[in-house]
Amino acid sequence: MIAYLIKRPIAVFITFFSLALLGVGSFFYLPTGLIPRSDIPEILVSIKNLKLTANELEKQITDPIRNDLLQVSNLEHIESNSSEGVCSIRLNFIHGTDISLAFIEVNDRIDQMMNRFSRDIDRPIITRFDIADIPIFQLNVFPKNEPLSVEQFTEMSGFCRNVICSRIEQLEEVAMVDVTGVSFQEILIEEKQGYLQTLGITANELIDAFAHTKININNILVKDGHHQFYLKFDTELLNIKDVENISVNVGGRIFKLRELADIKFATQEDSGQYYSNDARALNILILKNHGAKIDHLKSNFNLLISQMRRDYPNLGFELSEDQSVLLDFSISNLVQDLLFGGILALLLMLFFIRELKAAIIIFITIPLTLLLSLVGFYLLDISLNIISLGGLILGLGMIIDNSIVVVDSINSLEKSGEKIDTAIILGTNDVTSPLITAVFTNCGVFVPLLFLGGMAGALFYDQAISVMIGVLSSILVSILFIPVLYKKLHKDHNIEPEGIRKNRRNTLNFSYERGVSFVYRHPYSMIALNVIVLLIGVLIFQNIQKSRLPDFSRDETYVTIKWNEDIDLRENKYRTESLIKRIRPLVSELNYWLGEQQYLLRSTISPNYNEARIYLKTNNNQNPDEIRKLLALSCQKDYPNSILTFSIAENALDAAFRSRMAPLVLNIKNMDDSEMPKEDDVKYVIDLLRSNLPKSGINPIEMQEKTIFKLNTYNLSLYNVDGENVVKKVEHLLTPIFIDNLETSNTRIPILLSTSDQAKSIHFFKENFVKNREQVNIPLNQLITISHKKEFKNITTDSNAKYYSINVQTENPVEDLETIRELLKKSRPGIIVDIIGSHFENIKLIRQMAIVLSISILLLYFILAAQFESLIQPLFILIELPLSISGALIVLYIGGNSINLMSLIGIVIMCGLIINDSILKIDAINQFRKKGYSLEESIHKGGEMRLRPIIMISLTSIGALLPTLFMNDLGSEIQKPLALTLIGGIIFGSLISLFFLPLLYRLIYQKTSE
C-alpha cells in the first residue's frame, strides 16, 4: 500500500487537504460549552410560601409526598427537608436512568396527590437538572448615580424584568435568564382614621364587597338567527380606579371605597434582597442555549450590554462570576501545548536527525491531525468543552510520538544507504504493526472509562472519545500521509561514510551502552531497586491526601451565614453589613444575598429569611484564609449562635464533580425512626466532638423558638365567643389582609387591607378585643394563652428515618474518622449515628478508577499477546506499569499534590503512553532475532534502533508539560496534578524501557538462547 501511495502524491495530498477543510468547517459548526451536556440523575420537588412550621410541614405536606414518591422507578435515594414555610424533596436516581421519563412520572404522581391537599397550597415546583444549566455568567443591574427610594427601586425592578431580561433572552445564544432581587408592587387599602370603626364596618364586610364585584361566570353562547356569539361578564379589576370605585353598602347607604380608605400603590414587603458592591441590585443569571458557541454568546452579549449602557444611562451593568474563562484556559492550554510540543519536536528532529525536512513534516502533521480530529468530533456529536479539549491536550503527546517514530524509521534506513523508495516502504512497514498495536493499547486504556459510573463516567465519556479520535487520526496521518510527504520533500544527497555514522552513533549511544552494561552486571541490585520503588509507591498511595478535584488557588469565596435566631430581614441586613465593613478593604468585588431568593433553577441559594450569603473576590495577593478567619472571629464575638460555612465559588468543574457534603457527616437518628432525636442527645454529641476535634469546625445546634397561641376553650364557651372569629382577629391584627389580585397585562398585583388597629408587637392581645355572638367586646387575653417552645429548625428525612446532620469540616478525615468512632462508643443509648461524607465518595471514586485501571491492564495484555504471539512478552511491558505508577506517585507527592480525578486520569493516560516505547523496542528485538541475530546482538541492536525515538518522545512529552508546572492560571493549576503524574510516569517508564526491560528480556530468554 505504501508503494502505491508514494506514486500518487497528488491524490494523497488532495484527500488530506479535503479532510483538513472539513476539519476547518467542523470547527465553525461544533457547539462549545463549559462541560458536556448531561442529565444529572436528580429531581427536586419544592414548595414555598407555606404558612406552616417545620413540624406541621413535615406531617401535612412533606411526609405524604415523600412516601408516595418512594414508588418512583429506579429511585436510588430520597431525602426531604422541612423548614419554616419551605419544604423540598430531593430524588436521586440510578445512573443511566432516563431522567425525562422519571420527570414525567414524578409530575404524574404529584398531580394525583394534589387532590389530597387544601386548595390554598400551590402545586409543587418540580425541577430537573442538567450540567449545562450552570450559568455562563451573571449580570448585576443597579442604579448608577444614587440610591433609589423603595418605590423607585420597585419601578426599576419592573423595568428590568419586562425590558432588560426580554432583550437578553432575544439573543439567539441565550436559553433563558433567571433573576432575583426583584421588588413587587401591591395595592394597599388603608382606612381613613376612625371611619370603619365609626360606621361599624368590619374587615370581613370589605372583603365581601370585593367578592360581590368579582363574579366568575363562564362565557354564554348566544344564538341570534344565523349568527352565534359568546357573551362575557366583565367583572375583573383592571386598574386602581376600578378598586377605588368599588361600592360598599353601609346600612342602606352606598359608599365608594375611596371615601372610606386611602388606596395607593405600595411596595410589597421583601422576603429577600440582593446587593452588588453595597448597592441594591438585581442579579440575572445567563444560561447558554445548547448548541451555541460561547465566544459568539460572549461577543453578542457584550455588544448588547454596551448598547444598553447607552440606552439606559441611569442604570449600571456589571458582569460577575464569568464561567467562560474556563473554556478560554482550556483553549490556551491546548495552544500552549501545541506550541511547546511542536517547537520541541522540531528542535529534537534537527538535533538528532539533522534534517530540515523532518522538522517540516512534524510542523505539518500536528495541525493536520488536529483538524482530522475535529471531523471526528463533528461526526460523533462531541462538543468543544473543557473535558474534550483536555482529551485533545492529552492525546497531543501520542500524536507527536507516532510522527517521530515513522520519520525516524524512514530516516535511519535512508542514511544506511537504502534508496529513498525502499527506505520509505520498509521504514513505514517496520513500524506499522507496533504503531497499530500502540493505537489499540491506547484505546484499550480509555475504553473502560466509558463504563465509569456516576457523573464522572458521563462526563469523561467525551475525554475518552476525544483521546481515541486523536490517536486514530494520528495513525492515519503517520502511516498514509507522512511517507508521501517525506518522498515529496526528499532531495538527493550523498550517503554519509560509515565512519562518520559510527562516530555520531557512538556519541549518542555511549552513555546508553554503559548504562545497559551496568544493569547487566548488577541484575539483582536492579531488581531490588525496582522493588524498593514499588514499595515507596505503595506507601505514598496509602498516606497521600485523596480528594475529588485538585486544590488550586481561588480568589472567589462564598460565605453562608445562618444567624440561628428569629430575626427579620432588616436585622439580617444590619448584621451582614456590619461584617462586610470589616472586610471591605480586603476585597475587590462583593455581592450578597439576604433572605429568600427568587431563582427558578438555582437551588443552592438559601431560602430562609434569617440567613445570608456573601460572594467576595479578594484583592491581588490577598490570602482568602485571612478574610475567612476575620469573619469567623467577628461572628464568634458578636453573634455566638451564628453558623458560618465557607465554600469556594463554584465553576463548571466544581458543579459537576465536587461533592456537596462535608468530608464527614454524622446523621443522628432516634431509635424510634419516626421522630427526630432529642435536643439533649444532639447537643451531647456536638459537645463531645467539639471538645475532641477543636479544629474541625463543628457548628452549634440549629434550633428555632416558636410562639404557640392556644385557644382557651373554657372561656370561649363562658363568653360565648366563636373560636374562628378569634383566629381571624389575630390574623388581621398581625398581618395585612389579602383581598384580591389586580390583573394587569403582564403581572398580578395583590390587593391588601391594612387596618388602624394593626398590631405593632406580639403583645397585641393585651389591648385588643373580639366581639362575641351578642356583639359584646371580649378581651383577647381572656381567650388565648401564649407559650414558647424550641424545636429543630430543619427536619431532614430519608426513606428510613428522620435525622439531624452534623458536618465535620476536617483536613484529616482518616484520623478524625477513627477518633469519631471511638467517641461514639461513649454516646448515649437510644440514638443511632450514621457516618457519611465526601471522604467516602472519594474512596468510592478511587476504587472505581482502580477497577478501570485493572480492566485497562487486562485489555492491554490481550492486545499485546495477540501482537507478539506470546503469553510471556506482554508481561515484560505490563511489569513496567506498576513501576511507572510508583514513579508518578513519587513525583506527585514531591510536588505537593493529592490523588484526585485529574491525577488519576493522568495515570490512566500515562499507562497508555509509556508502553508505546516498550512495544516498539520489543518488536525491534523480535525482528532482529527472526533475522538470525543472537540474543545479545538483538537486544543491543533493538535498543540502539529505538534509542532516538524513545529519547525524542520522552523529551517532547515532558517539555510540552513543563510550562504547566510553572504557570499560575486556573487552567494550569487544574492540569498540574495530571502533568506531574505524566512527567513522573514518563521519566520512570523511559528509564525502565531503556535499561530494565532489556535485562528482563535477557534473563527470561537466556536459557532458551543457550
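Modeller: I start with helix H14, residues 420-446, and helix H25, residues 838-868, whose axes come within 8 Å and cross at roughly 160°. The model is a predicted one. Angles over 145 degrees count as roughly antiparallel, and H14 and H25 are therefore roughly antiparallel to each other. The crossing in which H14 passes H25 is right-handed.

The residues that meet can be listed by helix. H14 contributes Ser 433, Pro 434, Thr 437, Phe 440, Thr 441, Gly 444 and Val 445. H25 contributes Ser 856, Leu 859, Leu 860, Ile 863, Leu 864 and Gln 867. Sorted by class, the contact of H14 with H25 has seven nonpolar residues, six polar ones and no charged residue.

Two packed helices are described by the angle between their axes and by the distance between the axes. For helix H17 (residues 523-543) and helix H27 (residues 880-894), the axes come within 8 Å and the crossing angle is roughly 55°. That angle makes H17 oblique to H27. H17 passes H27 in a left-handed crossing, whereas H14 passes H25 in a right-handed one.

On the H17 side, the residues in this contact are Asn 530, Val 533, Leu 534, Ile 536, Gly 537, Ile 540 and Phe 541. They meet Pro 882, Leu 883, Ser 886, Leu 889, Ile 890 and Tyr 893 in H27. By class, the contact of H17 with H27 has ten nonpolar residues and three polar ones, again with no charged residue.

Of its 1010 residues, 53% count as buried. Among contacts between residues at least 6 apart in sequence, 79% join residues at least 24 apart.

Leu 569 is in helix H18, which covers residues 569-583. With a relative accessibility of 13%, Leu 569 counts as buried, because the cut-off for buried is under 20%. Between Leu 569 and Asp 270 the sequence separation is 299 residues, while their C-alpha atoms are 7.9 Å apart in space. Apart from neighbours within four places in sequence, the contacts of Leu 569 are Asp 270, Ser 271, Gly 272, Gln 273, Leu 594, Gly 595 and Tyr 609.

Gln 273, one of those contacts of Leu 569, also has its backbone oxygen 3.4 Å from a polar atom of the Gln 597 side chain. Gln 597 lies in the loop between strand E18 (587-595) and strand E19 (611-618). Although placed in a loop, Gln 597 counts as buried, at 8% relative accessibility. Its side chain is also joined to the side chain of Thr 180 by a polar contact of 2.6 Å.

Two further buried residues sit in helices. Leu 392, in helix H13, is buried with a relative accessible area of 4%. Leu 392 is 73 residues from Ile 465 in sequence, and the C-alpha to C-alpha distance of the two is 9.6 Å. Asp 68 belongs to helix H3, residues 54-69, and is buried with a relative accessible area of 16%. Leaving out neighbours within four places in sequence, Asp 68 is in contact with Arg 109, Met 113 and Arg 116.

Asp 381, in the loop between helix H12 (356-379) and helix H13 (386-415), has phi near 60°, a positive value in a residue other than glycine. Asp 381 counts as exposed, at 66% relative accessibility. Asn 720 is placed in the loop between helix H22 (713-718) and helix H23 (723-734). Phi of Asn 720 is likewise positive and near 60°. With a relative accessible area of 25%, Asn 720 is partly exposed.

To return to the part requested: H14 and H25 are roughly antiparallel, pass each other in a right-handed crossing, and meet through a contact without charged residues.

How values were computed:
Residues are numbered from 1 along each chain as its sequence is written. This is a predicted model: local features need pLDDT of at least 70, side-chain atom pairs count only at pLDDT 80 or more; totals for chains, interfaces and linings use all residues. Side-chain values use heavy atoms; hydrogens and water are left out. Axes are lines fitted to C-alpha atoms, for helices over the stretch in contact, and angles run from 0 to 180 degrees between N-to-C directions. Helices (H or I, at least four residues) and strands (E, at least two) are DSSP runs, numbered from the N terminus. Angles under 35 degrees count as roughly parallel, over 145 as roughly antiparallel, 65 to 115 as roughly perpendicular and the rest as oblique. A crossing is left-handed if the near helix is turned anticlockwise from the far one by less than a right angle, and right-handed if clockwise. Contact means heavy atoms within 4.5 Å. Ala, Val, Leu, Ile, Met, Phe, Trp, Tyr, Cys and Pro count as nonpolar, Asp, Glu, Lys and Arg as charged, and the others, Gly among them, as polar. Buried means under 20% relative accessible area, exposed over 50%, partly exposed in between (1.4 Å probe, protein chains only). A polar contact is a pair of N or O atoms within 3.5 Å; within protein, one must be able to donate a hydrogen and the other to accept it, and residues adjacent in sequence count only if both atoms are side-chain atoms.
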